[in-house]
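Have your viewer ready and a selection tool at hand. We will go from stop to stop, picking residues as we go.

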Amino acid sequence: MSGKVILQARDLDIRFGGVVAASDINIDLIEHQNLAIIGPNGAGKTTFLNLCTGYLKPHAGRIIFNGEDITGIAPRRLVRKGVARAFQIPQLFTEHTVMENLLIAAAAQARQWAPFTRLDRIGARAEMEHLLELMKCGHLATLPVSALPEGQRKLIDIAVALALKPRLLFMDEPTSGVASAEKFELLDIIAGALAEARVTAVFVEHDMGIVDRFADEVAVWNRGKVLFRGPPGDVLKHPDVIRDVIGEEL
Amino acid sequence: MTTRAQILRVLPYALLLALALVPQVYPAAQVLLTLALAKSLAVLGVIVLLQAGQVSFGHALFFAIAAYAAAFLGNSMGGGEIVLSLVLGTVCSAAVALVVGVFIVRYRHIFFGMLNLALSMIFFSFLEKFYHVTGGSDGLSVARPRVLGMALERGPFELVLFYGTLGLVIGALVLTHRFLSSPVGQMMRAIKTNEVRLEYLGVSARNVLLAGYVLSAALCGLGGVLMSTAQGIVTPEYAWWVRSGEFVFIAILGGAGSVGGAVVGTLAYEAVKTYAAAFAADIWQMILGVVLLVVILFAPNGLIGLFRSWTRRIGSAPERTGDRAGDRVGAGE
């Protein structure tokens, strides 16, 4: 495995009552290697994302991002260090337009607090227009988010995360809620934008076709543990993975 | 430009011009309008918080703090200076808002509203009970202050106060509108729809709400000083919950989605109140209640929203998209 380690998880433990959501998780994330996380429901995939983005604090263990211990740091502060997140259910400002959502993100990223500059006149506007084009959503700019179908909201949610210029982006099931026929197209768009922004992505995914095509590496989660990790070609063929995770799909 | 855009553009100025001419055309309404305009500043404060989806049932607190601060200052200086009173009162309200706000912005919705109510009622009791300081339920009389060093007679003073208030209201509308159109102002509106995302943008929703809270308190304070100066007296009733409720009532009546709603709402409210009290003395509260019911049921965006949909209908239809953030906040949704 070549490349710089961008995030290290060390001995992460967290449990909710009797449910072990993370148990002794040790994993290194490599810069510019997109990692897919797969595993059955309840395996602790989203918990791992919640731990890495500061939403949950582990009961034990440490998370090191870019050489700095970030264990238990609030999402708000973590974002400023370069860790962004897109959600399984898009988290957007539904009373704002698509462009306003992006501009708010850009203003937050640039720490632009000038009280009398109009949001739509901030310097990042051209950049945000470009980002929208990259996400093939340029035509949606003036629409209110509440008018968008789920698939487009997913794209905008990711665009908002990218507007923060992160180094590392966590995405929780970027293709869930999207018709199968559109999944590849959606991921194509996302992958293109990620590549241009030079962002390392970690994504939870249930569609093995998507994983095979878009991930550089796959990590298999089960019962709060990382079972396997490697290139999709190897991991997805492993008999245990086929039995426990993929089931009869292959 | 369509008819609708023209009407929308011209009407606010026409309204302000009409207001400015009141002392010449209909002097009997001048004092009443001064009081209404002062109140509209407090309503504007409530509207700022409504952008974030938060309703305060205790903003009379800041109205009263500023009014009492100005009264103490004026009385200790033998009348004092109005500019100084306005500045001191507003700063006092903003300072108190900054302190209690740190605690209050941790809460949302009913808790936010009730905590504000509780604080305002504590202050109300304080004003009532510490009568040797506050004058108790009789309140304090407010001596007529000098204006930029000049001691004016009653007539000229009231005229100056009217135009001064009108000028301050216009200034407050412009500044508040610009604040709400700015990134921080838009983040206030984002608190209403998705605080989680706001945090994941690296923004502290609490700090954003605190900024809005301090602004809203300052606006209430400015209104409180102007009101007490115009009335020549300040009483604990300034902090009473009914007054806080009145601010919210007017905000909804006028249209909480826009800064203009504060002025339109207050003028309509005071007009209904005055004429209903004159012609139907026994049932004027009922008339106000019915008005509010009708507004909530048929014009949820208030009078401003009603006006917008009306101009939309008579103007050419296809000018709907392209509404931008500033326009929406500015002119009601």
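**Stop one: the core**

Select A:Leu102, A:Ala159, B:Ala64, B:Ala67 and B:Ala251: of the 182 residues in the largest nonpolar core, these touch the most other members. Such a core is a set of buried Ala, Val, Leu, Ile, Met, Phe, Trp, Tyr and Cys residues joined through C-beta atoms within 7 Å. Buried means 20 or more other C-beta atoms within 10 Å of a residue's own, exposed means 12 or fewer, and partly exposed is in between, with C-beta atoms placed from the backbone. Now colour helix 10 (residues 205-231) of chain B, which gives the most to this core, with 16 residues. Helices are DSSP runs of H or I, at least four residues, numbered from the N terminus.

This is a predicted model, where local features need pLDDT of at least 70 and side-chain atom pairs count only at 80 or more, while totals for chains, interfaces and linings use all residues. Residues are numbered from 1 along each chain as its sequence is written, and chains are lettered from A and ligands numbered from 1 in the order in which they are written.

**Stop two: helix 5 of chain B**

Select residues 109-129 of chain B, which form helix 5. Show B:Phe112, B:Asn116, B:Ser120, B:Phe123, B:Phe124 and B:Leu127, which are buried.

**Stop three: where the chains touch**

The contact takes 28 residues from chain A and 26 from chain B, counting residues whose C-beta atoms, placed from the backbone, lie within 7 Å. Finish on helix 8 of chain B, which gives the most to chain B's side, with eight residues.

How values were computed. Helices (H or I, at least four residues) and strands (E, at least two) are DSSP runs, numbered from the N terminus. Two residues are in contact if their C-beta atoms, placed from the backbone, lie within 7 Å. The expected span of a helix is 1.5 Å times one less than its number of residues.
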